[in-house]
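Me: I have a model open and would like to learn how to read its features one at a time. Please take me through them.

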Amino acid sequence: MKYLWKSIPRYIRYVIIQALFLYLFMVVFRLVFFLFFFKTTVTDSGAILKAWTLGLRFDMRLALILTVPLLLLAFIFRNNFFTKPAIRKPVFVYLFLVYLVLTFMYIFDLGHYAYLGLRMDPTITRFLAEGERADNARMLWQSYPVVRAMVGVGLFLFLISYQFIRSYQRLAKEPPIRLSNWKYSGWLFSMVILFAGGIYANIAYFPLRWSQAMFTRDNGVTSLALNPVLYYVANMSGKTDTYDIKKTRELYPVMTRYLGVQQPDAEKLNFVRDVPGADRKKMNVVLVMLESTGAAITSMYNNPMQPTPNMKKLADSGILFRNFYVPAVSTARTVYGVTTGLPDVSLTKTASRHPKMIDQRVVLDQFKGYEKYYLLGGNTNWANIRAVFTNNVEGIKIYEEGYYKAPKADVWGVSDYDLITEADEIFREAGKKQQPFVAFLQLADNHPPYTTTNGGGDFKKLTTKDIDKEQFKKSGFVSIDQLNAIRYEDYNVGHLIDLAKKGGYLDNTIFIMFGDHNCTLNPYHFMPTPEYELVSGSVHSTCFIYAPALIKPQVINYAVSLVDVYPTMAKLVGLPFKNYTLGQDMLDSTQTSRYAFASYAKNLQGYISMIGERYMYEINTKTQDAYLYDMLGDPLKNVKAQYPDTAKALDNLTRAFYESTRYLIFNNKK
């Protein structure tokens with residue numbers, strides 16, 4: 001073993017030594033956290049062990065990331081790494097600064113956790129606010145042994161500095177190992193693979209992400225699993241997202257009237273509504289998220305290609321929502337929005353990727369007595385979606401890549417056909433146990449690369465020879481592959497219903513199917529309004545409910561929103577619940593003025609809007625210019641001046657919805 005170690009070039013050994021010391025440094029702080037700060041109500045030792053395992057992987061990732069600069073220098077200069085002062089001094093300065101910053105970040109994190117029971121994030125800078133610095137400094141001085149801590153830090157940094165300087169000097173005295181180009185290339189390739197694998201830190205399609213630490217709802221276990229430095233950096237991406245408490249309070253009465261809040265309180269900003277239940281047999285619910293399935297590309301909305309006959313048949317037999325809108329064009333934003341009942345209005349990335357926006361009080365968590373499933377053909381590390389469910393829905397079972405017997409079809413995991421086939425096995429098993437369930441089934445193949453399989457052997461792709469080119473041009477489809485993808489999705493919807501019939505759970509199940517947003521389309525003009533030009537077509541999606549044993553055929557024309565899905569689902573099954581969200585029952589026809597909030601980009605500028613059956617009101621978020629469109633008049637003409645009262649009311653509602661969302665997304669915690 002000693003000979004093997006000595007056979008490694010000394011500059012590579014130095015990099016390995018420093019990576020190991022950095023890792024050991026982080027593990028020691030993790031141990032300190034566990035022994036002196038860790039608190040939990042979880043008694044499952046398996047959960048604690050899993051948190052430790054995840055935490056050690058996060059630590060490894062950070063240690064290797066911080067060692068990358070040394071690795072680059074070592075391979076660039078090779079044996080000159082130990083002979084040139086111009087290299088030695090920057091290496092020592094870099095390592096000292098790394099340990100200095102890490103030490104203070106870990107200490108501040110421990111203090112922050114001891115004070116608030118939370119890992120440190122960029123909001124810690126609030127303690128440096130003008131007018132509060134002196135008080136906070138005094139609090140720090142009086143609460144903690146500041147002098148002893150600083151002495152201890154100084155001694156610690158001295159010992160650490162001695163380590164990296166002494167190890168450098170010892171290796172510098174050893175004779176250099178001369179490598180041939182082939183051996184040098186071999187070592188370079190090996191170290192790159194080793195570092196890349198360690199930084200990736202996951203045996204899955206996506207790298208290790210902070211959302212994996214949120215596998216329980218216990219703050220202590222989650223905190224143990226996280227690396228405080230990586231968690232801090234993850235929060236920095238959302239530092240521009242905030243809310244305006246003054247504006248929220250100012251517009252609060254508008255929202256309480258619109259939502260029907262029973263006990264409005266402008267001081268506490270109460271949005272909660274108590275919804276009574278009904279005494280009825282518990283039914284299963286399967287929510288099917290139809291990837292990129294806008295209204296315009298389906299048969300229910302008269303697309304010239306009539307690509308979705310199965311969906312149309314179900315919608316004709318159920319409830320079709322002609323004006324269903326999602327808050328934004330993004331799959332991640334849709335999953336977040338439908339689950340939390342709040343539009344994802346985050347400015348950076350998506351709310352699912354923002355640790356401060358994950359913790360929410362959701363309707364699905366109140367489905368007591370139900371099994372809860374989330375089924376995705378790929379990996380739930382995608383967009384950190386895992387945390388949206390595991391952190392907010394107690395006991396939810398996640399089925400993802402690695403569970404299924406079927407092989408991966410493409411980047412999105414197993415094919416929709418295989419996903420539905422294996423989901424049916426789960427649903428049948430629940431039926432055998434007479435266990436009601438709620439399942440979120442997320443389809444993905446109606447998305448580039450538009451992978452389609454033969455399904456059960458009877459799905460046939462169309463070619464350009466099989467279609468009417470004039471009709472195809474009018475339909476808006478960009479390519480024949482895109483057309484085949486929506487046809488394949490429709491085929492799989494039919495497959496799902498066929499399996500439900502054969503499995504004996506069709507009559508005891510409510511199917512709610514909705515598109516997450518529209519896809520990219522060429523200009524189309526067959527819809528009742530010019531939604532392509534208005535850009536509202538991007539957020540106008542398909543939605544219908546199919547439950548042959550429960551509901552009668554119906555078409556609803558008033559506007560409804562993605563955030564309304566779970567409150568509607570709860571009412572359908574007769575569940576009493578508290579609605580902390582901005583969603584409402586889509587089947588409540590007593591509310592005469594219904595609108596859906598949406599945000600989108602038009603001409604490379606951002607807009608927020610309220611879209612109704614007749615009026616659409618939008619505000620340019622940069623210029624604050626506002627526009628009112630009358631769908632029953634000239635839909636492309638701004639009629640704000642013609643209808644000042646309507647414009648004023650919708651302006652207030654649009655801003656109220658936006659400000660309330662920004663507030664709740666940070667303040668709707670469990």
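**Reading the model, feature by feature**

Reply: We can begin with one residue and its surroundings. Leaving aside neighbours within four places in sequence, Ser561 is in contact with Phe324, Tyr325, Met586 and Ala596. Ser561 itself lies in strand E12 (residues 560-561), and the residue is buried, with a relative accessible area of 5%. Keep in mind throughout that this is a predicted model.

Me: Which residues does UniProt list for "domain: Sulfatase N-terminal"?

Reply: The unreviewed UniProt entry lists residues 284-574 under that name. In the model, the end C-alpha atoms of residues 284-574 lie 12 Å apart, and the span is 31% helix and 15% strand.

Me: Which residues does the entry list for "transmembrane region"?

Reply: The unreviewed UniProt entry lists residues 12-38, 58-79, 91-108, 146-165 and 186-208. Two of these can be set beside the model. Residues 91-108 are 100% helix and 0% strand, with their end C-alpha atoms 26 Å apart. Residues 146-165 are also 100% helix and 0% strand, and there the end C-alpha atoms are 28 Å apart.

Me: Is Leu157 buried or exposed?

Reply: Leu157 has 8% relative accessibility and counts as buried. The residue belongs to helix H6 (residues 146-173). Beyond its neighbours within four places in sequence, Leu157 is in contact with Phe96, Tyr99, Leu100 and Thr103. The C-alpha atoms of Leu157 and Asp651 are separated by 58 Å, and these residues are 494 apart along the chain.

Me: How are aromatic pairs read, and how many does the structure hold?

Reply: A pair of aromatic rings is described by the distance of the centres and the angle of the planes. The structure holds 47 aromatic pairs. In one of them, the ring centres of Tyr374 and Phe440 are 5.5 Å apart and the planes are at 70°, so the pair is edge-to-face. The cut-off behind that label is an angle over 60 degrees. Tyr374 lies in strand E5 (residues 371-376) and Phe440 in strand E7 (residues 437-442), so the pair ties together parts that are 66 residues apart in sequence. Tyr374 is buried at a relative accessible area of 0%, and Phe440 is buried at 2%.

Me: Which residues form one aromatic cluster?

Reply: Tyr14, Phe25, Phe29, Phe81, Phe82, Phe92, Tyr99, Tyr106, Phe156, Phe164 and Tyr168 form one. Tyr99 is also one of the residues in contact with Leu157.

Me: Where does Arg119 lie, and where does the charged end of Arg322 sit?

Reply: Arg119 lies over the face of Phe33, at 4.2 Å from the ring centre. The charged end of Arg322 sits over the ring of Tyr301, 5.6 Å from its centre.

Me: How do I read two packed helices, and at what angle do H10 and H20 pack?

Reply: Two packed helices are described by the angle between their axes and the distance between the axes. Helix H10 (residues 245-259) and helix H20 (residues 644-667) pack at about 115°, with their axes 8 Å apart. The crossing of H10 and H20 is left-handed. On the H10 side, the residues that meet H20 include Leu251, Val254 and Tyr258. Among those on the H20 side are Leu653, Phe657 and Tyr663.

Me: What should I look for in the backbone?

Reply: Most residues other than glycine have a negative phi, and most peptide bonds are trans. The peptide bond from Pro448 to Pro449 is cis, with omega near 15°. Pro449 lies in the loop between E7 and helix H16 (469-475). Ser292 has a positive phi, near 50°, and is found in the loop between strand E2 (284-290) and helix H11 (309-317). Gln434 also has a positive phi, about 55°, and is found in the loop between helix H15 (416-432) and E7. Ser292 is buried, with a relative accessible area of 5%, whereas Gln434 is exposed, at 73%.

Me: Where is Ala383 found, and which residues is it in contact with?

Reply: Ala383 is found in the loop between E5 and helix H14 (385-390), and is buried at a relative accessible area of 1%. Leaving aside neighbours within four places in sequence, Ala383 is in contact with Arg209, Ala332, Ser352 and Arg353. Ala383 and Phe206 are 177 residues apart along the chain, and their C-alpha atoms are separated by 9.4 Å.

Methods. Residues are numbered from 1 along each chain as its sequence is written. This is a predicted model: local features need pLDDT of at least 70, side-chain atom pairs count only at pLDDT 80 or more; totals for chains, interfaces and linings use all residues. Side-chain values use heavy atoms; hydrogens and water are left out. UniProt positions are given in the numbering used here, feature names are shortened, and annotations may be inferred rather than shown by experiment. Helices (H or I, at least four residues) and strands (E, at least two) are DSSP runs, numbered from the N terminus. Rings of Phe, Tyr and Trp (its six-membered ring) pair if their centres lie within 6.5 Å; planes under 30 degrees apart count as stacked, over 60 as edge-to-face and the rest as tilted. Buried means under 20% relative accessible area, exposed over 50%, partly exposed in between (1.4 Å probe, protein chains only). A charge sits over a ring if NZ of Lys or CZ of Arg is within 6 Å of the ring centre and within 35 degrees of the ring normal. Axes are lines fitted to C-alpha atoms, for helices over the stretch in contact, and angles run from 0 to 180 degrees between N-to-C directions. A crossing is left-handed if the near helix is turned anticlockwise from the far one by less than a right angle, and right-handed if clockwise. Contact means heavy atoms within 4.5 Å.
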